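This report describes a sheet and the helix packing in the structure shown below.

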Amino acid sequence: MADALAAHAAKRQSLVSSLRQGSGPVALAKETSNLFRDREAGKRRRLDVRGFDQVLRISPGWVEAEGMIPYERLTSACLAQGVMPAVVPQLKTITLGGAVAGVGIESSSHRHGLVHDTMLELDVLLGDGRVVSCTPANEHAELFHGFPNSYGTLGYALRVKAKTVPVKPYVHLTHVPFDDFAQLEKQLDAGDADFVDGTVFAPQKKFITLGRFAGQAPYTSDYTYENIYYRSIAGKREDYLTVNDYIWRWDTDWFWCSKNVLAQNPLVRRIYGRERLGSRTYTKIMRWNSRVGVTKKLERLLGLHSESVIQDVDIPIARANEFLEFYAREIGLWPLWICPIGVKKSAFVLYPVKPGWYVNFGFWDVKRTRAAHPAGHFNRLIEDKVHELGGIKSLYSDSYFPEAQFFERYGGAAYDALKRKYDPAGAFPRLYEKCVLKA
């Protein structure tokens, strides 16, 4: 561990020197991104942070690692020590730094909150080359509480210390049909499940999945190749997975989005092979299609108009039934994922939520219609409904807010104060410019 810490210090000094040698707007040179919004190709200095991908220390109750480490490797190192990060986002390629600069969630969020709720410390590289260490109570506490949902507009996380929880070798799953979100709330109030999420296949076909750690299992299912996890939910009352396979149960088929690259066809699936099934492959295909425009050309030939509707929104549980009714009426893309969040405090100023239960709705597909609509029509409907219901949406994909609304909903004056203090020269774009204007 001492060697890892020494190597980290040397890499950090080299990166700081590189940053201070130039001037002008800054961006990262990295191999992966889990953002689903295209950006304008502006002139920026690219900081090479790809080497910041190591675990530094694992001790009881926490793990310390560099910001660019993907969760696949971070989780593997933790499992080898009998623990896991308290919240592990669903896709292997998501990085630790990306999850705290954005918003990360999974089925342990009912107990531990979002990824940033599990942060204990972080080191942030600022635009002027300074590196500041932030905790909830030190002189940089305001940056600690302002960094989540800042998407690299205040600085970059070079080191993160986050909570871990002990694991057992297996997870026992129970898939429970439910009618409305009052039933989900009762399950949450019972508090006996280690993991809780759900799948909505249609308005009248909804399942809660409860996961509990188990020391033994009578069998284990394998959803990493021939079988597809989400299809098992409606067909099995219970299931057993190894803890590793449970953590990555959604990655193999990108939830259900692998259908868009034909990977759910048995023959095509065999052509892909086990090693290429997963978010890493699908992201590359998606980026290629975005550049080349194959899907758009086909839609034009078929006389279709399309809009990507790729969103995660968090709704107070008391209003979740209303959101699902709206979604079924106006959007109607199935399945969709639901994941409860237990909010214990509301200290993070750029992602303001109130204490209590929220339900995350995740939906990732393309809305195709014969009739033409203004750009962003369906996403704007979603944004307006989320606000009406007292919720909030993540900013990793397309957003259409007018600037005044964005200011009101995502930190406003608090963000301006952080920007003045930590990026006075404007080395990074502002949050609205990056997330809405795609700067």
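## Basis

Axes are lines fitted to C-alpha atoms, for helices over the stretch in contact, and angles between N-to-C directions run from 0 to 180 degrees. The model is predicted.

## The sheet

Eight strands form an open sheet with antiparallel pairing, in the order β12-β9-β11-β10-β14-β15-β13-β16. Its edges are β12 (238–242) and β16 (392–393), each of which pairs on one side only.

Within this sheet, β10 (residues 195–202) is paired with β14 (residues 336–343) in the antiparallel sense, over three bridges. Threonine 199 has tryptophan 337 of β14 as its bridge partner.

## A helix on the sheet

Helix α6 (residues 181–190) packs on the sheet. The strands touched by α6 are β9 (170–177), β10, β11 (205–214), β14 and β15 (356–369). The direction of α6 makes about 135° with that of β15.

## The α12 and α13 pair

Two packed helices are described by the angle between their axes and the distance between the axes. For helix α12 (residues 320–330) and helix α13 (residues 377–388), the angle is about 165° and the axes are 11 Å apart. Angles over 145 degrees count as roughly antiparallel, and α12 and α13 are therefore roughly antiparallel to each other. The crossing of α12 past α13 is right-handed.

On the α12 side, the contact is made by Phe323, Phe326 and Glu330. On the α13 side, Phe378, Leu381, Ile382, Lys385 and Val386 make the contact. By class, the contact of α12 with α13 has six nonpolar and two charged residues, with no polar ones.

Notes: Residues numbered from 1 in each chain as written. Predicted model: local features only at pLDDT ≥ 70, side-chain atom pairs only at ≥ 80, totals over all residues. Heavy atoms only, no water. Pairing = 2+ DSSP bridges. Helix = DSSP H or I, 4+ residues; strand = E, 2+ residues; numbered from the N terminus. Contact = heavy atoms within 4.5 Å. Parallel < 35°, antiparallel > 145°, perpendicular 65-115°, else oblique. Left-handed = near helix turned anticlockwise from the far one by under 90°. Nonpolar A, V, L, I, M, F, W, Y, C, P; charged D, E, K, R; others polar.
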